[in-house]
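Please keep the sequence and the structure in view while reading, and look up each place as it is named.

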Amino acid sequence: MSAYIVGGGRPLEGSVEVHGAKNSVLPILAACLLAPEECVVHSCPDLSDVTASLDILRHLGCRAERQGDTVVVDASGPTGCDVPDALMREMRSSVIFLGAVLGRMGEAKLCTPGGCELGPRPIDLHLAAIRAMGGSIEERGGGLHCTGPLHGADVVLSIPSVGATENIMLAAVAAKGTTTITNAAREPEIVDLQTFLRQLGADVRGAGSSVIVVRGGKRLHGGEHRVMGDRIVAATYLAAAASAGGQVEVTGVDYRHLSTVTSVLSEAGCVVKSGPDRVYLRSAPLRGVRPVRTAPYPGFPTDAQAPLMAALAKSGGCTVFVENMFESRYRHVDELARMGADIHVEGRVAVVYGVPALHGAQVQATDLRGGAALVVAALGAEGESRITGLHHIDRGYQDLVGDLTLMGADIRRE
Ligand code: EPZ
């Protein structure tokens, strides 16, 4: 089994550009299905979740080719409407194809996404919206058979769900009539998706606010788009520098997208300077900070909780985390404890008692961001760590070893 071998204790120095955002490119690739002409997507990161999405597009009869960090998708003649079970299980966020397949093909078949490492991942909001838009959904034997046609509707989300917002946007672009999404997710990735859809000729407005309006049924055309920088990868690298010490500059990311993360790092004692497309951080001995509560954007991003916790595990104080987005997003805590961290979990609350030092250990990634957290901790630990479960990390980090090595880290993949 492959593993990262990390020699801790070396400060990081240097500059690194983050790759395109996983959580933006996945819905954008699904959106390509709505266009009857070729789409070109630049800054498309080479991640296993992206590979799975390209495989789904090919399974649906599209041409999907990677040329470096550009992907070309031709959905001029899709033939299928079923998302393969194996790919659905591999990547639960494949549910994002539901709206696009149903919108383009008038029918969609997919198995209900399993839970994942973060706890149950229901899709009730996605399904309720599809029904509100006139779709019928038959649930049989763990699979969903959805049929259209779809019409515009006024959808109110009880939770500003990112995936549900994106699925409804995609379905609404194809549906005849106007769809209003109230209490929509406001994440930057939603704005990136709207930008792409407008490139294709769709009439979508309001992304970034809580109300999105789609005037659907327009004939679309092909388009070209450069995916936004990955704010969670940027947050991870900044946390790594806070943990290991030193000074780094992360480029290719809009500093506003991670301002709640950088404010925590500043409060912990780091010097943080932001520019339009970059963030600079100089580390210092870390202090505990006021409670970190995860929340929908623009609140503190749940995906940055684990990496930030890993950095604050070695600090001169206590920090309380409250994970409000997912039921089970502390599975990295036990692994951090093997490195000497002193963290107590009570339900959604994790109390991090900072310790003066962490030590290297053999640890196992439990999920994508929990795995990244182990790398962050290992970089700041004394001695060598061995991290397994890399398939989790490969889902969201294109070249963690390469990027960290660029900044002087002692890390290799064996
Ligand atoms: C997206 O997941 C991201 N994934 C997640 O990133 C991110 O953590 C999450 O948004 C929150 O920001 C992608 O974009 C591919 P949600 P998603 O629907 O869409 C509940 C990573 O590490 N809910 O906003 O699945 C749900 O259970 C990943 O990159 C329902 O109850 O998140 C959760 O508790 C992890 N019913 C909450 O809402 C539904 O129908 C937020 O989920 C849908 C969601």
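This is a predicted model: local features need pLDDT of at least 70, side-chain atom pairs count only at pLDDT 80 or more; totals for chains, interfaces and linings use all residues.

**The ligand and its surroundings**

An oxygen atom of the ligand is found 2.8 Å from a polar backbone atom of Gly163.

*Contacts of the ligand*

- Two or more residues of the shell around the ligand are given by each of helix H1 (22-31), helix H5 (124-132), helix H6 (162-174) and helix H12 (368-379).
- How many residues surround the ligand, and which are the closest? There are 24 of them, and the closest are Asp124, Leu125, Ser161, Asp303 and Met325.
- Sorted by class, this shell holds 11 nonpolar, 6 polar and 7 charged residues.

*The sheet with strand E1*

- Strands E21, E22, E1 and E23 form, in the order E21-E22-E1-E23, an open sheet of 4 strands whose pairing is mixed.
- At the edges of this sheet are strand E21 (362-364) and strand E23 (410-413), each of which pairs on one side only.
- If direction is ignored, neighbouring strands of this sheet are turned against each other by 20° on average.
- Strand E1 (residues 4-7) and strand E22 (residues 384-388) run antiparallel and are joined by 4 bridges, and within this part of the sheet Val6 stands opposite Ser385 in E22.
- Helix H12, which is one of the elements that give two or more residues to the shell around the ligand, lies across E1, E21, E22 and E23 and runs at about 175° to E22.

*The sheet with strand E18*

- Another open sheet is formed by 4 strands in the order E17-E18-E20-E19, and here too the pairing is mixed.
- The edge strands are strand E17 (292-293) and strand E19 (342-346), and each of these pairs on one side only.
- Strand E18 (residues 318-322) pairs with strand E20 (residues 349-353) in the antiparallel sense, over 5 bridges, and Thr319 stands opposite Val352 in E20.
- Helix H10 (residues 305-312) packs on this sheet, where it touches E18, E19 and E20, and its direction makes about 170° with that of E18.

*Details of the backbone*

- Most residues other than glycine have a negative phi, and most peptide bonds are trans, so departures from either pattern deserve a look.
- Which residues does a cis peptide bond with omega of about 0° join? They are Gly148 and Pro149, and Pro149 is found in the loop between strand E8 (143-147) and strand E9 (154-156).
- A cis peptide bond also joins Tyr297 and Pro298, with omega at about 10°, and Pro298 lies in the loop between E17 and H10.
- Ser43, a residue other than glycine, has a positive phi, with a value near 55°, and the place of Ser43 is in the loop between strand E3 (38-42) and helix H2 (48-59).

Methods
Residues are numbered from 1 along each chain as its sequence is written. Side-chain values use heavy atoms; hydrogens and water are left out. Two strands pair if DSSP finds at least two bridges between them. Contact means heavy atoms within 4.5 Å. Axes are lines fitted to C-alpha atoms, for helices over the stretch in contact, and angles run from 0 to 180 degrees between N-to-C directions. A residue is near a molecule or strand if one of its heavy atoms lies within 4 Å of it. A polar contact is a pair of N or O atoms within 3.5 Å; within protein, one must be able to donate a hydrogen and the other to accept it, and residues adjacent in sequence count only if both atoms are side-chain atoms. Ala, Val, Leu, Ile, Met, Phe, Trp, Tyr, Cys and Pro count as nonpolar, Asp, Glu, Lys and Arg as charged, and the others, Gly among them, as polar.
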